[in-house]
Amino acid sequence: MAANPMKIRANNKDGVTEVKVLISHEMETGQRKDASGAIVPAWFITELTAKHNERVVLGAEFGTAVSKNPYLAFRFKGGAKGDKIVVSWKDNKGETRTDEAAIA
Amino acid sequence: MNNQRRTVLKSGSGAALLGILAAAGIITPGMALADWNKAAFEAKSMADTLKALGAGSPADSKDVQVTGPDIAENGAVVPVGVSSTLPNVTMVAILIEKNPNALAASFTLPEGTEANVQTRVKMGQTSNVYALVKSDGKFFMATKEIKVTLGGCGG
Amino acid sequence: MIQGFIRTLVGAAVVAAFAGSAVAQDSKVADELAKYREALADGNPADLLEVKGAALWAEKRGPKNASLEQCDFGLGPGKLEGAYAQLPRYFKDTGKVMDVESRLVHCMVTLQGFKQEDVTKQWFSRPGTESEIEALVTFIGAKSNGMPINVPAAHPEEKKMYQIGEYVFYRRSGPQDFSCAICHGQDGKRIRLQELGNLTTKEGAGTAMKTWPSYRVSQGAVWTMERRLIDCMRQARFPEPKYLSDSIVALQVYLQKNATGTVMETPGIKR
Amino acid sequence: MKKFVFAAVCTALAQTALAQEKTPSGKAVAKNPVSAEAEQVFRNSFRPDNPKYWMSRIEQDDAMRLCGQYKDNPPAAVRQKIELAQKATIRYPVDGKLMGNWKEGEKIAAHGRGGHIGFIQPDAPMTPRGGNCYACHQLAAKEVAYGTIGPSLHHFGKLRGNSDDIVKYAYDKIYNSNAFNACTNMPRFGLHNWLTPEEITHVVAFLMDPESPVNKD
């Protein structure tokens, strides 16, 4: 199943851009058992990068303890209305997804 | 059990080396990202995790904060973050002492990104939560207990 | 029950001292819980599902290769604004009182040509398996966000369903003597730390109904009202009522009528 | 003499219970005009392939039926009839000991699972059934996640002592709450064999034992 799009919000106020990202992902821990008692294999986002225009503004590494449908909020100096914020993630199965939003 | 622990420790030192390389600017954040820190995320205890992160035994600092509520209505989603007023913070991480693997997430902060990151984590039970911060190449830490309560009709 | 007894036994001073510390602890817990809920509110994963629902709504699918855009939820074909807030209602074409989910399934069958048993197989999601119905209902519900719930139950069939709903609400059975009213028939109570609305009043029913469908962090999924009510029955240790069964629709008529006038805040997010 | 005192205590407790829980409004509750049809609709709402044992969960005894009919607020005569009938159901452990082990009782009070049936999310077979006391009651002060559907039971034994009469009252109330207060929200744990008489004695000890965390802090 293709991954669902992320929801990215970016707002600039007084020269600081606040970015909030909501990602659709199971974040399966690898410790849960299904109805038949079999372990459900781990399936989770391992890495994420956020870029402002072409510059990396955040790098993240996740473990299985990050909640299902991960949420992330951070702030960086700079950014102007209309600038692009691009967020990409990769999971332990090698699946990736990239979405973008304009700074409001 | 012992064997497994030794393996973790061994790969831990490898990751520490990677950390040093990253700190020295030999590899860029982008490259570091391509190599998820397996040893740190698979370490079980706090001590092993800190070792794998190359953090040794960080000093407690009142300039580092674990942000978020003290009580979680459900352990599956616990809003938690790290903030710090220390200078030149290049990395922050969230560790949960009583989780099967202590390290929940780590963040590399390029210049200009504030030491203020929020996310949501799973907690198996009430536990101390640690915020780890790397400032001017040195590691600092803060902690607070977050209570995970039972809820709803199912107990 | 104790309090009256305590007073006669040990005197009011002890009671006051005990109540004082308990209240202090309780208010600290309440503050932190409020912080917890506030932190979740900004960033509701249900928003992701709403987007998916919007796409499913417009996509040509099924044996008839049709979209759902002509589906009539009571306000006319394709008119979704405020439709959720006015359901369940009586539909002439089926001669039945239907809730949002029965109507949606009806449209998937009649407009798109799906078999009911196929489209309802995944009426709720499980980890790793998403539910199209959940996505669609989240999308349809969001189209009533900010609008008042309005289910007057004036049609004779709706009125009867209201009465059936009320009957089911008070009906006790099972090994714990449960009915809906046990937990939801009084003001100002909570189970563990979760406030319980008095669903027999406008305030209680309104607070409960306005936030559905809702993302449940304990489940990692959006729950529809059918899912909510069927799970209440499970928690009461009853067998599960069937999806789309009349007693579940009837309970919704009862609750929505009681909640009528309350402004929707959907999709919600809760424990 | 002792019996008489006990009866008096029970009555007093039962009366305060009434005052605190559902206050009879004295208003006559009109019978639901569609109750026969509603019962049919309810019964038709289940899959035909449900096991018989599951479907037995929707059967009602007199107390359940009357509580539903009067919306949990029966008139005095009905109330009395229910309470008398329920009193007669109470059974005791074979050895007659009503105070068990508070540590066992503590586990039962905190445990809220067990007994869930159905196709969606049933409990695994043999899951122990808990009393789930914290869902509705405050007990030990250290547990902050307690409900308020029932009264606080914090310091239950400390405030009352643990005379035989109080112990028996606690046992009886847990065994069959409706013997004291018809149509109370509290389940009839013993009547339904949800908890065994022995398990009830453990919960009694959790409430009564001076060493129990209920009576500390």
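Student: How many residues does the contact take from chain B?

Tutor: Please keep in mind that this is a predicted model. Contact here means heavy atoms within 4.5 Å. On the side of chain C, 20 residues take part, and from chain B the number is 19.

Student: What area do chain C and chain B bury between them?

Tutor: The size of an interface is often expressed as the accessible area lost when the parts come together. Of the area buried here, 58% lies on carbon and sulfur atoms. In chain C, the residues that lose the most area to chain B are C:Y36, C:R192 and C:R271, together 34% of what that side buries. The area buried between chain C and chain B is about 1700 Å².

Student: Which residues of chain D lose the most area to chain C?

Tutor: Between chain D and chain C, 71 residues of chain D are in contact with 56 residues of chain C. These two chains bury about 6000 Å² between them, 56% of it on carbon and sulfur atoms. The residues asked for account together for 12% of what the side of chain D buries, and they are D:F42, D:I120 and D:L159.

Student: Why is one side of strand 1 of chain A left without a neighbour in the sheet?

Tutor: The strand belongs to an open sheet of six strands with antiparallel pairing, in the order 1(A)-2(A)-5(A)-7(B)-4(B)-2(B). Strand 1 (7–13) of chain A and strand 2 (64–67) of chain B stand at the edges. One side of each is left without a neighbour because each has a single partner strand.

Student: Which residue is the bridge partner of B:V80 in strand 7 of chain B?

Tutor: Strand 4 (residues 78–84) of chain B and strand 7 (residues 116–121) of chain B run antiparallel and are joined by six bridges. In strand 7 of chain B, B:V80 has as its bridge partner B:T119.

Student: Which residue in strand 7 of chain C stands opposite C:S214?

Tutor: Chain C has an open sheet of three strands in the order 6-5-7, with mixed pairing. Strand 5 (residues 214–216) of chain C runs parallel to strand 7 of chain C, and three bridges join them. Opposite C:S214 stands C:G268.

Student: How many residues in the lining of the largest cavity are charged?

Tutor: The largest cavity has a volume of about 90 Å³. Its lining includes C:Y84, C:D99 and C:Q252. The lining residues divide into six nonpolar and two polar, and the number charged is one.

Definitions and conventions: Residues numbered from 1 in each chain as written. Chains lettered and ligands numbered in written order. Predicted model: local features only at pLDDT ≥ 70, side-chain atom pairs only at ≥ 80, totals over all residues. Heavy atoms only, no water. 1 Å grid on protein atoms, 1.4 Å probe; cavity = no way out; pocket = protein on both sides within 12 Å on 5 of 7 lines; lining within 4 Å. Points joined across faces, edges and corners; volume = space filled by probe spheres on them. Nonpolar A, V, L, I, M, F, W, Y, C, P; charged D, E, K, R; others polar. Pairing = 2+ DSSP bridges. Helix = DSSP H or I, 4+ residues; strand = E, 2+ residues; numbered from the N terminus. Buried area = accessible area lost by both parts, 1.4 Å probe.
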